[in-house]
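Please keep the sequence and the structure in view while reading.

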Amino acid sequence: MITIHCDNCERELELEDREAGTKVACPHCGDINRVPESASARPDRADRATEAGLPPDHGPEATVRTLRPCMVRARPLSFTGVALLMIAGLVGVVMGLTTEGRAWLAILGGVIALLGFGVLIVWWLKTMSASLVVTNKRTIMKKGILARSSSEVVHDNIRNIQIDQTFWQRVWGVGSIGISSSGQDGIEIQLNDLKGPTDIRKVIDLYRPL
Ligand SMILES: [Zn+2]
């Protein structure tokens, strides 16, 4: 027994094994479907995602994961540095205001604290502006705050999923993910500082014809 899903109405069609490699008309909508040669040999891919408790491979598109780059976890040292600078600035403000003739210290401290705050805001906006959405059909990357760009790869066409982690990134559980598809040179999706990149790859793999 072969189970396929109609290209047009996506309803389940049950066919005999001997119909592999032929064309059949869908009894529901009449659409002609090509039955894959290997359909009888291949286990139903939907099961892998469903078994993992995720939306099935077939049927309407559903979002499986929405991911954003990490801020603190990705750059713990930079974050600590900026935070310490802000604290030092605020201490300067307090000391400057409470000590006679130390107005310059209050001003300097205020400037440093504001600078640190500005760095954090810009950093946060940059982090929030990038996202990776994994659906049961494709992975979509979006970047940019005012000018937005997006790129997507259909899971059935993925050629390679590359994960890069430095030693410290492995310690913190972050890394970059790069996805390339067959039919196109280069990496179409590249996003850094993602939490648990290997888990993301596992989820995407569930929707690939492996
Ligand atoms: Zn149909």
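Questions and answers on this model follow.

The model is predicted, so local features need pLDDT of at least 70 and side-chain atom pairs count only at pLDDT 80 or more, while totals for chains, interfaces and linings use all residues. Residues are numbered from 1 along each chain as its sequence is written, and side-chain values use heavy atoms, with hydrogens and water left out.

Q: How many helices and strands are in the protein chain?
A: Helices (H or I, at least four residues) and strands (E, at least two) are DSSP runs, numbered from the N terminus. Counted in this way, the protein chain has 5 helices and 11 strands.

Q: Is the protein chain more spread out or less spread out than a compact globule?
A: The radius of gyration is taken over C-alpha atoms, and the globule rule is 2.2 Å times the number of residues to the power 0.38. For 210 residues the rule gives 17 Å, whereas the protein chain has 26 Å, well over that value. Along the principal axes, the C-alpha atoms fill a box of roughly 95 × 35 × 35 Å. The radius of gyration therefore shows a chain that, relative to a compact globule, is more spread out.

Q: Is Ser 131 buried or exposed?
A: Buried means under 20% relative accessible area, exposed over 50%, and partly exposed in between (1.4 Å probe, protein chains only). Ser 131 lies in strand β6. Contact means heavy atoms within 4.5 Å, and beyond four places in sequence Ser 131 is in contact with residues including Leu 67, Ile 140 and Leu 191. Because its relative accessibility is 6%, Ser 131 counts as buried.

Q: What does Gly 186 count as at 42% relative accessibility?
A: Gly 186 is located in the loop between β10 and β11. Apart from neighbours within four places in sequence, Gly 186 is in contact with Arg 159 and Ser 180. With a relative accessibility of 42%, Gly 186 counts as partly exposed.
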